[in-house]
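User: I'm new to reading protein models, and I'd like to know where the labels come from. Can we go through one together?

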Amino acid sequence: MTTTKTKSATKSLAEHPENFEHAFTELESIVAQMESGQMTLEASLAAYQRGNSLLQFCQKSLADVEQQVQILNEKNQLVQFKPNDE
């Protein structure tokens, strides 16, 4: 396994991706690495934790976009959406 792949799977859980696309791409990479069966137990655990963090980020991003679409549909205009956690 290359150093780059190992680093991508073990990024800090607190490190947030730039956007949905970057998170999804990194998540796909982690899944492929884990499916290869070439990771140590420790690396697999770190990859699983990072993947879980990325999955949560992607799910929240999709939920926010879905909320924006619902607002658009209700008012027939696009309104700036403000997530509940802001």
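Analyst: The protein chain has three helices and zero strands, where helices (H or I, at least four residues) and strands (E, at least two) are DSSP runs numbered from the N terminus. Read along the sequence, that gives the pattern α-α-α. This is a predicted model: local features need pLDDT of at least 70, side-chain atom pairs count only at pLDDT 80 or more, and totals for chains, interfaces and linings use all residues. Residues are numbered from 1 along each chain as its sequence is written, and side-chain values use heavy atoms, leaving out hydrogens and water.

User: Why is Ser29 called partly exposed?

Analyst: Buried means under 20% relative accessible area, exposed means over 50%, and partly exposed is in between (1.4 Å probe, protein chains only). Ser29 has 28% relative accessibility, so it counts as partly exposed. You'll find Ser29 in helix 2.

User: How do you know that the length of helix 2 agrees with what it should span?

Analyst: The expected span is 1.5 Å times one less than the number of residues. Helix 2 has 17 residues, so it should span 24 Å, and its end C-alpha atoms are 24 Å apart, which agrees.

User: Which residues make up the largest nonpolar core?

Analyst: A nonpolar core is a set of buried Ala, Val, Leu, Ile, Met, Phe, Trp, Tyr and Cys residues joined through side-chain atoms within 4.5 Å. Here the largest one has eight: Ala23, Leu27, Ile30, Met39, Ala43, Ala47, Leu54 and Cys58. Helix 2 (20-36) and helix 3 (41-75) each give two or more residues, and helix 3 gives the most, with four.

User: What does Cys58 touch, leaving aside residues up to four places away in sequence?

Analyst: Contact means heavy atoms within 4.5 Å. On that basis, Cys58 touches Phe20, Ala23 and Phe24.

User: And how much of the whole chain is buried?

Analyst: Of its 86 residues, 23% count as buried.
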